[in-house]
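Hi,

Here is the structure I promised to pass on. Could you load it and read my notes alongside?

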Amino acid sequence: MFKAKLKADVLKEIIEVTGHIVDEIVMDLDSEGLTIKAVDPSHVAMVDLMLTKNAFQEFEADDVSIAVEMDKMREVIKLAKAGDVISMEHDSERNRLIVTVGNIIRKMGLLSPSSITSPKVPDLELPANVILKTDEIKQGIKAAESISDHVTLIMEPESFSMEADGDTDEVKLKLTKDQLIEISCKERQRSMFPLDYFSNMVKAATNSSSLKILLGTDFPVRLEFTIAGGNGEVVYLLAPRIED
Amino acid sequence: MVSPICVICKGSKHLCGEPTCELLDSIRARTPKIDITSREIIGSSPPSVFVGRYGYPKVKVGPMLPPTIVPLAGRLDSPAQWYGWEIEDVIGLRASLFRTGGEIRVQEASNPGRVLESYQLVAMADRPVDTEVLLKKPIVSRQPELSFDMAPMGPFGEAERTKLTENVHVPRRVDYIASDTDLKSVDGAVDLYDNRISPYQIQKLLSMGLLGQGKKRRMVPTRWSITATDDILGKAIISEIKGYGTVDDYSVYTGDFAGNYFHILLVPRPWSYEMMETWLKGAFWASENTILRDSEGYRGRKDYASNITGGYYAARLPVLEHLKEMRRQATVMVYREITEEYWAPLGVWVIRETVREVMKSPPKRFDTLQKAIDFITSRARVKNWLNSSELLRELATQRTLFDF
């Protein structure tokens, strides 16, 4: 059983956070809230999203998994105006999600959750982390996008930097300790990542004012931020590029 | 004079500033001329139609036909049958296929007059159509046309009158889809393909404005419609194979035709595609070894593959057909080398048909990417081909989350 009401903005956040990773998602529901775990087809990027029931206006659920196509969710969100509340109810007999937006009722055919593999989130110990303002790194990505397709993240005891090397141009963003909200780094850590994935992740984090980045040399990077006004958390993992 | 821009232009963009391509003209000068001294042609259209691009949206449109009623006229416009032929034989065959017709606005396809309707009927046919054309003037001393994307074809003669002199045989599904004026052109093309209508006929239907929603129907210049068809059908297969598992190992398919040497690598990863081609010094268009590439990721590309152009889509389709048959997806790298043996461009069908043949041959299988790459390098004419591949560099450097 699943029955809930939520603000259109919250649903929009869910779509923004997961939609660039996969075309289909499985929502795992229980009495406490909603989780979504998904890995992209190349196994390079992963999202682990959790919303508590407080993120919803109303929420009721038993243990159930619902698999939806992102395109259909996008169609629904386009029907909503700012401030609208969207209601959802799972019709388990016909395997449909009944979504109400304003005066419109959309009965959405669902996929079989077993047709989508649920990824196991790798257990990583990442030695360094920073918390920074999302806007700062967003600017850096904007500068990098025109010149390269990959980006290098570097953490040092006193700073965080991001570098992009193109054929002829270079971009560097450096934030020193006093420009960061928090930093914890004993030794220098450095890894390279595909820029398109990293960029989509940071863009999806812009609803949160701060972003935590966890890094280890030649390990996946982990991004953490909150959504739904603090009633939800998102974790992204992104695998590195390792040059010989 | 061949210059470095020639391989980018391939005689289609006037990059050198000249009104016609000097290279193509020099080849055309060596090709056979067939004069039509009388104004009347009676011949079997294979069936075949041509839509020009000059003057768009008012373009030359009409049936193509040889100046006689010939048995086996069908082969005049069946690229699949030309695989393995000598280049001069393809040109010789096609030189006898004259373009006829007149200038018509592309929008007329939404509401065709009698003349256009009879031209459209030729595109709908699946057997040769005996056709009588009265030309405004004889066709004398004119060379056939050559281009990198379209098959060679005879010169154009403006028609005063065109008459189909026999009943035209139209496949039932073609008739059904062409009459459906609510169906989008993409959906119509895919439906026909699923119903075993050949991509070559679908291209003719698209070109003659026989697909799509009634008011939106337009004729599409032949050279654009060739790539549009390869792209539409390819995309439909891509969305299908994304539901399948990946191939099991690294396999390399090889083969060649008319100086076009192919190595096609399938990698056990989700769908993505890269094509690279090396024009070796001395090959048509190439003043020096030139490597071109284009690629797309899992989600496809939004812009046109402007380096390789039509060949990118022509190679992608038969690889996809093969994957669909295997019910597998893969990351695909197509590497083409063009030598001086390819002395005249014959059109992108050369790529489509060669790749189709190559994918039929048994591949060499490897358990690592490196072994597959080494195998290709051992056979390639250009040993540093790998340096240009962004896809292979990506595969070699990008880790997955499950490596940790």
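This is a predicted model: local features need pLDDT of at least 70, side-chain atom pairs count only at pLDDT 80 or more; totals for chains, interfaces and linings use all residues.

The largest cavity holds about 300 Å³ of space. A cavity here is a set of points on a 1 Å grid over the protein atoms alone where a 1.4 Å probe fits but cannot get out, and lining residues have an atom within 4 Å of a point. Points are joined across faces, edges and corners, and a volume is the space filled by probe spheres set on them. Of the 23 residues lining the largest cavity, B:Asp77, B:Tyr200, B:Gln203, B:Thr222 and B:Ile226 are the closest to its centre. In chain B, strand E2 (49–51) and helices H8 (199–207), H9 (222–241) and H11 (349–360) each give that lining at least two residues. Helices (H or I, at least four residues) and strands (E, at least two) are DSSP runs, numbered from the N terminus. By type, the lining splits into 12 nonpolar, 5 polar and 6 charged residues.

Residues are numbered from 1 along each chain as its sequence is written, chains are lettered from A and ligands numbered from 1 in the order in which they are written, and side-chain values use heavy atoms, with hydrogens and water left out.

Then the largest pocket, at about 1,300 Å³. A pocket is an open set of points with protein on both sides within 12 Å along at least five of seven lines. Its lining has 40 residues, and the closest to the centre are A:Asp149, A:Asp196, A:Tyr197, B:Gly297 and B:Glu394.

A salt bridge is a side-chain nitrogen of Lys or Arg within 4 Å of a carboxyl oxygen of Asp or Glu. The count between chain B and chain A is 2. The contact (heavy atoms within 4.5 Å) takes 13 residues from chain B and 28 from chain A. The two chains bury about 1,700 Å², 59% of it on carbon and sulfur atoms; this is the accessible area (1.4 Å probe) lost on putting the two parts together, summed over both. B:Leu401, B:Phe402 and B:Phe404 supply 39% of what chain B buries against chain A, more than any other three residues.

Within chain A, A:Lys203 and A:Glu145 pair up in a salt bridge (3.2 Å, N to O). A:Lys203 is in helix H4 and A:Glu145 in helix H3 (residues 134–145), so the pair ties together parts 58 residues apart in sequence.

Some backbone items to check:
- B:Pro46 and B:Pro47 are joined by a cis peptide bond, omega about 10 degrees.
- B:Tyr56 to B:Pro57 is also cis, with omega near 10 degrees.
- A:His43 has phi near 60 degrees, a positive value in a residue other than glycine.

Cheers

Note on methods: Ala, Val, Leu, Ile, Met, Phe, Trp, Tyr, Cys and Pro count as nonpolar, Asp, Glu, Lys and Arg as charged, and the others, Gly among them, as polar.
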